[in-house]
Amino acid sequence: MLLIRQSHTRRQEVMQATKTGLDQYLTLPGDMIDILRWHVDTLPDGVMHESDLLFPSEVGGYRSPSCLDKPFKEVSRLLGLKKHVTPRAMRRTFQDLARAAEMKDVVTRAVCGHVTAAMTQRYSTVGGAEMQRELGKLISLAGIKEAHQQTQAQVVGKVVGNP
């Protein structure tokens, strides 16, 4: 279980509570716990290893707001991306991946600490393929395809002289 009890803003302000004022408990899958334990075990001895933070800076404190800029630039370069992608975009990526995995909205909100569905939707982007797939489900559920095929068969029957 992961306990989230603080918030940290880009301005380096650390609040001794989450943005909602409530501690947040996330029950993590075993694989993720193994990865996080490995991460903690491989932190260098000294201030990083002794820090209460899961991802401390080299001096044991909070990382700078730009700490992911260089890794993102390097990964973008290696992938040959021509578009600029920022770490901040990852919050939207998580929302989109959670939807693609058909994660329940209440679970997605719990992981993100969003109190309302509106906040979760704010960080979501619905692409064309997702809309097409979901509309296809709606058409199937409503029986629209079958109704259309019956109508077409009736029209063809009248055209060729069948009653």
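Where is S57 found relative to helix 2 and helix 3? S57 sits in the loop between helix 2 (47–50) and helix 3 (69–79). Keep in mind that this is a predicted model, where local features need pLDDT of at least 70, side-chain atom pairs count only at pLDDT 80 or more, and totals for chains, interfaces and linings use all residues. Residues are numbered from 1 along each chain as its sequence is written, and side-chain values use heavy atoms, with hydrogens and water left out. The helices here are DSSP runs (H or I, at least four residues), numbered from the N terminus.

S57 is buried, with a relative accessible area of 9%. Buried here stands for under 20% relative accessible area, exposed for over 50%, and partly exposed for what lies in between (1.4 Å probe, protein chains only). Leaving out neighbours within four places in sequence, S57 is in contact with M48, Y62 and R63. Contact is counted when heavy atoms come within 4.5 Å.

F55 is in the loop between helix 2 and helix 3 as well. Once residues up to four places away in sequence are set aside, F55 touches L36, H39 and R63. F55 and H39 are 16 residues apart along the sequence, with their C-alpha atoms 8.8 Å apart.E50, in contrast, has its place in helix 2. E50 is exposed, at a relative accessible area of 63%. From E50 to T151 it is 101 residues along the sequence and 72 Å in space, C-alpha to C-alpha.

**Helix 4 against helix 5**

Two packed helices are described by the angle between their axes and the distance between the axes. For helix 4 (residues 89–100) and helix 5 (residues 105–112), the axes come within 10 Å and cross at roughly 155°. That makes helix 4 roughly antiparallel to helix 5. The axes are lines fitted to C-alpha atoms over the stretch in contact, with angles running from 0 to 180 degrees between N-to-C directions. As for the wording, angles under 35 degrees count as roughly parallel, over 145 as roughly antiparallel, 65 to 115 as roughly perpendicular and the rest as oblique.

Helix 4 passes helix 5 in a right-handed crossing. A crossing gets that label if the near helix is turned clockwise from the far one by less than a right angle, and is left-handed if anticlockwise. On the helix 4 side, F94, Q95 and A98 make the contact, and helix 5 brings T108, V111 and C112. By class, the contact has 4 nonpolar, 2 polar and no charged residues. In this scheme Ala, Val, Leu, Ile, Met, Phe, Trp, Tyr, Cys and Pro are nonpolar, Asp, Glu, Lys and Arg are charged, and the others, Gly among them, are polar.

Take a closer look at Q95, which belongs to helix 4. At 3% relative accessibility, Q95 counts as buried. Skipping neighbours within four places in sequence, Q95 is in contact with T108, C112, H114, T120, Y123 and S124. L97 is in helix 4 too, but L97 is exposed, with a relative accessible area of 56%. The C-alpha atoms of L97 and Q132, 35 residues apart along the chain, are separated by 17 Å.

**Helix spans and what follows them**

Here are two helices with their C-alpha spans; the expected span is 1.5 Å times one less than the number of residues.

| Helix | Residues | Length | Span, first to last C-alpha | Expected span |
|---|---|---|---|---|
| Helix 4 | 89–100 | 12 residues | 17 Å | 16 Å |
| Helix 7 | 128–142 | 15 residues | 21 Å | 21 Å |

What is phi of E102, the residue given as following helix 4? Phi of E102 is positive, near 60°, and E102 is a residue other than glycine. Most residues other than glycine have a negative phi, and most peptide bonds are trans. E102 lies in the loop between helix 4 and helix 5, and is exposed, with a relative accessible area of 59%. Helix 7 is followed by G143, whose phi is positive, near 75°.

**Over in helix 8**

E146 is found in helix 8 (residues 144–159). With a relative accessible area of 43%, E146 is partly exposed. E146 and H49 are 97 residues apart along the chain, and their C-alpha atoms are separated by 63 Å.

Key: Helices (H or I, at least four residues) and strands (E, at least two) are DSSP runs, numbered from the N terminus.
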